[in-house]
Amino acid sequence: MMHFADSLTFSGRKVVAAWAALPFPALSGSSLPDTLSAHQQDVPWKLLSSWREQKVSCCFAQSVVLRGICKERPASQPRSPLQSCESPEQVLQQYLHTQFPGAFSTSHVLQQPCATRPPFPQFFSPLLTSRGFLLDKAQGSSSAGVESIPVLAALQSSPILHSLLSGLCRDLRAWNVRRCSSFFTAGVEQDDFQEALEELKTLSQCYETGFGADRSEDEADSD
């Protein structure tokens with residue numbers, strides 16, 4: 001995983017964010033172009049971190065894997081650029097280029113879904129079919145449960161990591177480590193701790209894209 005993350009980072013960046021859609025929000029019987037066309041304003045996957053900022057509008061590099069979406073026959077008369085693509089791989093790649101122009105993007109589409117048979121917990125909505133696709137309305141609980149789901153996962157180097165890393169740095173600065181004697185008895189020196197904070201702040205600045213709110217946040221972090 002470390003080497004894979006390294007392939008998505010450059011210009012001093014070392015961290016990537018994990019995103020996922022579990023399950024991928026595809027209607028039963030719909031094609032991948034139709035599903036992605038319904039998410040032109042915002043991508044249909046969410047940040048796995050608990051950080052409050054969940055929406056990302058740009059990124060530097062990303063790798064996206066979608067599994068469990070079978071190949072659909074193209075429409076006889078394509079109504080959008082996505083429907084003009086000849087394969088699911090091209091559909092996903094075209095969507096990524098549209099949502100994140102200029103970003104380095106790799107994508108893979110696998111037909112095999114993620115198996116969710118027992119002992120996988122059945123915490124799914126009744127709006128899902130046994131194969132994990134969305135229904136227009138709930139049809140009651142099924143004794144068989146959800147046996148598989150389509151899943152999308154992504155690793156992304158994006159400006160959202162500036163907020164996440166600078167927020168972590170701010171929280172650590174506010175924490176009085178002198179009150180935790182075990183912290184330093186473990187071998188950590190105060191100078192090493194302060195140096196690590198400065199490195200964390202420098203790393204967060206590698207994800208900046210301008211001088212807006214991010215810059216003012218940096219000034220608030222300084223002491």
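Colleague: What is the mean pLDDT of the protein?

Modeller: The model is predicted, and the mean pLDDT of the protein is 82, with 84% of its residues at 70 or more.

Colleague: Which elements have the lowest and the highest mean pLDDT?

Modeller: Where pLDDT is low, the predicted coordinates should not be read in detail. Here helix H7 (residues 213–221) comes lowest among the elements, with a mean of 44. Strand E3 (residues 61–67) comes highest, with a mean of 95. Over residues 211–223 pLDDT stays under 50, and the model has 19 contacts beyond four places in sequence for that stretch.

Colleague: What is the order of the strands in the open sheet?

Modeller: Strands of a sheet pair through backbone hydrogen bonds, either parallel or antiparallel. In this structure five strands form an open sheet in the order E2-E1-E7-E3-E4, and the pairing is mixed.

Colleague: Which strands stand at the edges?

Modeller: Strand E2 (46–47) and strand E4 (104–110) do; each has a single partner strand, so one side of each lacks a neighbour in the sheet.

Colleague: How many bridges join E3 to E4?

Modeller: There are seven bridges between E3 and E4, and the two strands run parallel. Arginine 67 stands opposite leucine 110 in E4. E3 also pairs with strand E7 (residues 151–157), in the antiparallel sense and over seven bridges. In that pairing alanine 61 is set opposite serine 157 of E7.

Colleague: In which sense do E1 and E2 pair?

Modeller: Strand E1 (residues 17–21) pairs with E2 in the antiparallel sense, over two bridges. Alanine 20 stands opposite lysine 46 in E2.

Colleague: Why is E3 described as largely enclosed?

Modeller: Five of its seven residues are buried, so the rest of the structure largely encloses E3. Helix H3 (residues 88–99) lies across E3 and E4, and runs at about 150° to E4.

Colleague: Which residues of H6 are buried?

Modeller: An α-helix has 3.6 residues a turn, so residues three or four places apart point the same way. In H6 the buried residues are Phe193, Leu197, Leu200, Lys201, Leu203 and Ser204. Seen down the axis of H6, they fall within an arc of 160°, so they line one face of the helix.

Colleague: How many residues does H6 have, and what span does it reach?

Modeller: Helix H6 (residues 190–205) has 16 residues and reaches 23 Å from its first C-alpha to its last. That is close to the 22 Å expected at 1.5 Å a residue.

Methods
Residues numbered from 1 in each chain as written. Predicted model: local features only at pLDDT ≥ 70, side-chain atom pairs only at ≥ 80, totals over all residues. Heavy atoms only, no water. pLDDT = per-residue confidence, 0-100. Helix = DSSP H or I, 4+ residues; strand = E, 2+ residues; numbered from the N terminus. Contact = heavy atoms within 4.5 Å. Expected span 1.5 Å × (residues − 1). Buried < 20%, exposed > 50% of the residue type's maximum accessible area, 1.4 Å probe, protein only. Arc of directions from axis to C-beta. Pairing = 2+ DSSP bridges. Axes fitted to C-alpha atoms, helices over the stretch in contact; angles between N-to-C directions.
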